[in-house]
Amino acid sequence: MLGWSLNLFRVRGIQLAVHFSFFLLLALVAQEGWADERWTGVFWNVATLLVFFTCVVLHELGHSFTAIHFGVGVRRILLMPIGGMAEFDSIPREPSKEFLITLAGPAVNFGIAAVLWAIVGVPQGWPWGDYDFPANATGFAQLVLHWNLLMGCFNLVPVFPMDGGRIFRAILATRLPYLRATFIAASVGKVLAVVAAVIAVYFYHAVLTAVLFAFIFVAGEMEYRAVKRREIEDAHWRAMLAQLYPVSPPVSPPAEEPPLLSR
Ligand SMILES: [Zn+2]
């Protein structure tokens with residue numbers, strides 16, 4: 001399913017691709033704009049969506065450039081209606097690197113918000129009171145500021161494999177084995193995803209948000225399984241190597257730890 005995508009252009013060697021379902025979203029917002037204000041509506045809705053997803057791309061580039069800095073290859077950034085996804089060759093198992101790579105995405109959103117705040121400020125009463133974004137360039141910039149703050153905060157919610165969940169795993173992995181840390185982060189994430197989905201439906205009637213959390217729930221489980229599979233494969237190869245090249249000296253007593261089998 002993820003294969004149905006259209007390649008756009010490359011940024012520092014990273015292929016930017018758009019999943020075909022994104023065009024359904026584009027058609028949907030264009031149609032809504034047409035129903036409201038004909039061509040003016042189409043123009044504003046499409047432009048708004050493109051600006052929003054440009055911020056998503058910048059968020060993913062934040063992750064990607066930090067990953068490249070640490071020597072991790074980034075194949076592409078895929079845009080989907082539910083957001084963006086940077087595909088790395090391998091996620092480093094060093095908690096400090098994973099922590100920084102993950103943090104760099106939301107940091108880009110907070111950076112954009114800070115710059116816009118300095119330039120256009122925020123409307124009266126924002127964010128908790130009664131406020132309106134004026135229908136002009138300033139209002140639009142304030143709306144983009146608002147989105148970026150939301151995007152940065154939303155991604156920091158500790159629901160694995162969202163950024164917050166990855167940061168949580170990285171912190172756990174400084175003290176626990178990687179698989180154990182992933183298991184705990186994924187389990188906490190799944191519980192929170194269910195809670196968030198229920199809250200979204202019952203209190204806000206936000207069915208799409210609930211669907212998004214259902215996707216995140218499944219993605220968390222899939223990523224945990226992938227880590228587990230890799231861990232089992234690694235153990236298998238280490239055992240094979242141990243058989244091919246026995247390292248324990250023939251006469252001395254066995255080492256405290258079985259060589260090659262443990263990390
Ligand atoms: Zn992110």
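Two strands are taken to pair if DSSP finds at least two bridges between them, and helices (H or I, at least four residues) and strands (E, at least two) are DSSP runs numbered from the N terminus. This is a predicted model, in which local features need pLDDT of at least 70 and side-chain atom pairs count only at pLDDT 80 or more, while totals for chains, interfaces and linings use all residues. Residues are numbered from 1 along each chain as its sequence is written.

View 1. Strand β3 (residues 74-80) and β4 form a hairpin with two residues between them, and the two strands run antiparallel, joined by six bridges. Within this pair, Leu79 stands opposite Gly84 in β4, and Arg76 stands opposite Glu87 in β4.

**View 2. The crossing of α2 and α4.** The axes of helix α2 (residues 95-120) and helix α4 (residues 163-173) come within 9 Å and cross at roughly 160°. That angle makes α2 roughly antiparallel to α4, given that angles under 35 degrees count as roughly parallel, over 145 as roughly antiparallel, 65 to 115 as roughly perpendicular and the rest as oblique. On the α2 side the contact is made by Pro95, Glu98, Phe99, Thr102, Leu103, Gly105 and Pro106, and on the α4 side by Asp163, Arg166, Ile167, Ala170 and Ala173. Sorted by class, the contact of α2 with α4 has seven nonpolar, two polar and three charged residues, where Ala, Val, Leu, Ile, Met, Phe, Trp, Tyr, Cys and Pro count as nonpolar, Asp, Glu, Lys and Arg as charged, and the others, Gly among them, as polar.

**View 3. The boundary between the two domains.** The domain assignment gives domain 1 (1-156) and domain 2 (157-263), with bounds that come from an automatic or database domain assignment. The centres of domain 1 and domain 2, taken over C-alpha atoms, are separated by 27 Å, and twelve residues of domain 1 are in contact with twelve residues of domain 2. On the side of domain 1 that touches domain 2, the elements giving two or more residues are α2 and α3 (137-155), and α2 gives the most, with seven residues. The residues of that side of domain 1 divide into seven nonpolar, three polar and two charged.

**View 4. The pair of helices α5 and α6.** Helix α5 (residues 178-204) and helix α6 (residues 207-244) have axes that come within 8 Å and cross at roughly 170°. The helices α5 and α6 are therefore roughly antiparallel to each other. Their contact, again divided by class, has 18 nonpolar, four polar and five charged residues.

Definitions and conventions:
Axes fitted to C-alpha atoms, helices over the stretch in contact; angles between N-to-C directions. Contact = placed C-beta atoms within 7 Å.
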